[in-house]
Amino acid sequence: MEFDYIRQDTWKRKEYFEHYFRRIPCTYSMTAKINISELRSHGEKIYPAFLYGLSTVVNRREEFRMSVDEQGRPGIFSELHPCYTVFHKDSETFSNIWTEYSPDYGEFRRRYEEDMRLYGSREGLEAKPDTPVNSFPVSMIPWIGFEGFNLNLQKGYDYLIPIFTFGKYYQKGAEWYIPMAMQVHHAVCDGFHAGRFLNEFQSLIQNQWQRERYG
């Protein structure tokens with residue numbers, strides 16, 4: 001894992017970063033309905049496929065791999081890994097597990113399944129220890145659908161890495177959808193970047209992931 005500091009003297013986004021990070025700190029959320037009909041038609045499990053899709057697009061775009069060090073200096077991680085929640089029915093609590101990302105879907109799913117085997121039933125906030133600093137949060141709320149979702153973080157104005165939340169999937173006509181909320185920092189991510197992310201993620205879920213899975 002590398003963290004490359006941004007050369008702010010030549011950074012085209014410096015003015016926007018200073019405005020939305022230091023002068024007027026601003027985060028925002030956006031919720032989209034993701035079509036999962038193709039996943040269901042192939043019998044693919046939604047959670048690992050989504051984790052792979054999110055990781056692939058996150059690692060494709062620098063604006064979603066930005067963070068700041070303890071001095072507030074911005075930089076870009078060379079790679080991010082998904083850190084996701086699993087629910088324990090007996091205790092009605094959840095745990096965090098992280099899985100090392102691989103651009104190969106088959107390999108990523110193998111790692112996910114191994115992590116679930118080792119840590120999926122382990123209770124406590126951090127079921128799998130040593131969550132890397134270069135990870136991004138993903139959670140699933142499969143009991144209810146939603147039109148909008150927002151996280152209120154006390155120290156969220158210092159957190160640049162995106163956060164993703166999924167709800168309950170549902171059928172509309174012949175198609176299946178799932179709500180997905182993404183929370184981002186305006187200092188590094190404008191509406192254009194968020195929209196592009198959602199479009200690329202939808203495209204991968206519908207089409208591109210199959211090439212990764214089946215060749």
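Reply: Start with the lining of the largest pocket: α3 (46-60), β3, β5 (81-88), β6 (93-98), β7 and β8 each supply at least two residues. The model is predicted: local features need pLDDT of at least 70, side-chain atom pairs 80 or more, while totals for chains, interfaces and linings use all residues. Numbering runs from 1 along each chain, and side-chain values use heavy atoms, without hydrogens or water.

Me: What makes a run a strand or a helix?
Reply: DSSP runs decide: helices are H or I of at least four residues, strands E of at least two, numbered from the N terminus. β7 supplies the largest share of that lining, 6 residues.

Me: What makes a residue part of the lining of the largest pocket?
Reply: A lining residue has an atom within 4 Å of a pocket point; on a 1 Å grid over the protein atoms alone, a pocket is an open set where a 1.4 Å probe fits, with protein on both sides within 12 Å along at least five of seven lines. Here 39 residues line the pocket, and Cys83, Thr85, Asn96, Val138 and Ser139 lie nearest its centre.

Me: How do you know that β1 and β4 pair?
Reply: Two strands pair if DSSP finds at least two bridges between them. β1 and β4 (residues 74-77) have 3, in the antiparallel sense, so they meet the definition. Phe3 has Phe77 in β4 as its bridge partner.

Me: Why are β1 and β3 called edge strands?
Reply: The open sheet runs β1-β4-β3. β1 (3-5) and β3 (66-68) each pair on one side only.
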